[in-house]
Amino acid sequence: MRAAAEQPQGGAAAPSSLVERLRAVHLKMVDAVLGGDGLGRVAELAAEAAGGPVAVVVPRLGATAVAPEAAADPDAIDTLRRHVADRVRDRPAPLPDCVLAEVPIRSGDELVGLVALLRADALPSAEATEFLHLAAVASLTEVAVEEAKEEVEQNLRGSFLEDLRARPDLEPREIVRRAARLGCDLSRGAVVLCAELTTDRPRHVVATIAGEHPGALAQHMDGPGGPPRVYALLPAAGGDEAPEATLASGRRLAARLQRHGTVGLSSFYADPGELARAMQEAELVLDVLKASDAPIAEDIGTGTYRLLFRVLASHPEEVRSFYEDTVAPIVKYDDQYRTDLVGTLEAYLDQNCNMNATAATIYAHRHTVAYRLERVKELTGLDPMLSEDRERLGLGLKAYRIIAPRLPR
């Protein structure tokens, strides 16, 4: 403890009346915490007993409580918050002018916050710091209670999302009921987000999702046979335009989270009973984005790609069959002979079937492009020069891109 106020002599026995008062205040503080009144009531009790304004700051909980409220000068409280943040990070931090005394809130050797006696016109009681110590103990109890509640909620969220992912037979009514208990309304559908993180801040990512999309249910979970992932259900937002509005919100969120890792987003699913499929779709998108070196990230959330992802999540054999019937022969040919028929065909389609533009794109001669396209025709039975065949080849390439991560190597 550091203090600018006069303090009792260390080791001196407190008068029995003080001991009784300390015990009474301590019991009130514990009752306040266990009764759900939180740090605000702890600060009130400490201020009354200490005879001066008291602030309790716990960065881990994002909590600041000041009593009496009239003493909460915004600038002084901001200064105090910065001071506590520095102390928690073990940085040098001089005692702010607004603080007379401070007592640390410690969990073992870890500093989690501070209880501060603030300056005021009237002098505090001589035993003020004794009550600050009581407030620190009560505040640590509050931290333990809140973290226990958060752990229970995490377990409930994780259990629900795991069931949703593993049990496609869950009844829609059961899905909506369990989500509602966790503060998430899935009655009008949702979009699923799946992120594989490259940072060690999963709680920050979960908090970002909850803050950006009201009612979202997010949790850090083990991935299917791989590294941990964050899964989130983004419930329907808006009225009649809910599908578009929810997807737009999901895309903004995905863009913001990209600095923390790779993010896959599902389509909007109006039926809660299909959210297991939505989770599969988000995982598929994530796997494709991780594995692909092709420039498909920008349009992967819309159009043909999105349709293929939905089909793949529900009928994977149909997408695989279409791939086998179209571009699989040239994929296998490229693998066997180290050629680039797939890249040439993609470039040809991207360049609106302009032979010269295709040659410039892949740094090859025009005749080389023509020869490769002829090989594509021979191997697939589909002619890139014919409109109908081009459509099938183009769709086959998209199917290849989304199933490539799951093809045998």
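Trainee: Which residue just after α11 takes a positive phi?
Mentor: This is a predicted model: local features need pLDDT of at least 70, side-chain atom pairs count only at pLDDT 80 or more, and totals for chains, interfaces and linings use all residues. Numbering starts from 1 along each chain as its sequence is written, and side-chain values use heavy atoms, leaving out hydrogens and water. Helix α11 spans residues 328–337. Just after α11, with phi at about 55°, comes Arg338.

Trainee: How many helices and strands does the protein chain have?
Mentor: Both are DSSP runs numbered from the N terminus (helices: H or I, at least four residues; strands: E, at least two). On that basis the protein chain has 15 helices and nine strands.

Trainee: Which residues of α11 are buried?
Mentor: Take buried as under 20% relative accessible area, exposed as over 50%, partly exposed in between (1.4 Å probe, protein chains only). Within α11, the buried set is Ala328, Ile330, Val331, Tyr333 and Asp334.

Trainee: Where on α5 do its buried residues lie?
Mentor: Helix α5 covers residues 172–181, and its buried residues are Ile175, Arg178 and Ala179. They cover an arc of only 100° around the axis (directions from the axis to the C-beta atoms). That arc puts them on the same side of α5.

Trainee: Which residues are exposed on the other side of α5?
Mentor: Arg178 belongs to the buried set of α5. The other side of α5 has two exposed arginines: Arg173 and Arg181.

Trainee: What is the phi of Gly183?
Mentor: Gly183 follows α5. Its phi is positive, near 80°.

Trainee: How many disulfides does a search of the whole structure find?
Mentor: The test is a pair of cysteine sulfur atoms within 2.5 Å. Cys194 is buried, with a relative accessible area of 0%. Cys353 is partly exposed, at 26%. The count of disulfides across the whole structure is zero.

Trainee: What share of the protein chain's residues counts as buried?
Mentor: The chain has 409 residues. Those that count as buried make up 44%.

Trainee: Among contacts between residues at least 6 apart in sequence, what share joins residues at least 24 apart?
Mentor: Start with the protein chain's contacts between residues at least 6 apart. Then keep those joining residues at least 24 apart in sequence. The share is 63%.

Key
Contact = heavy atoms within 4.5 Å.
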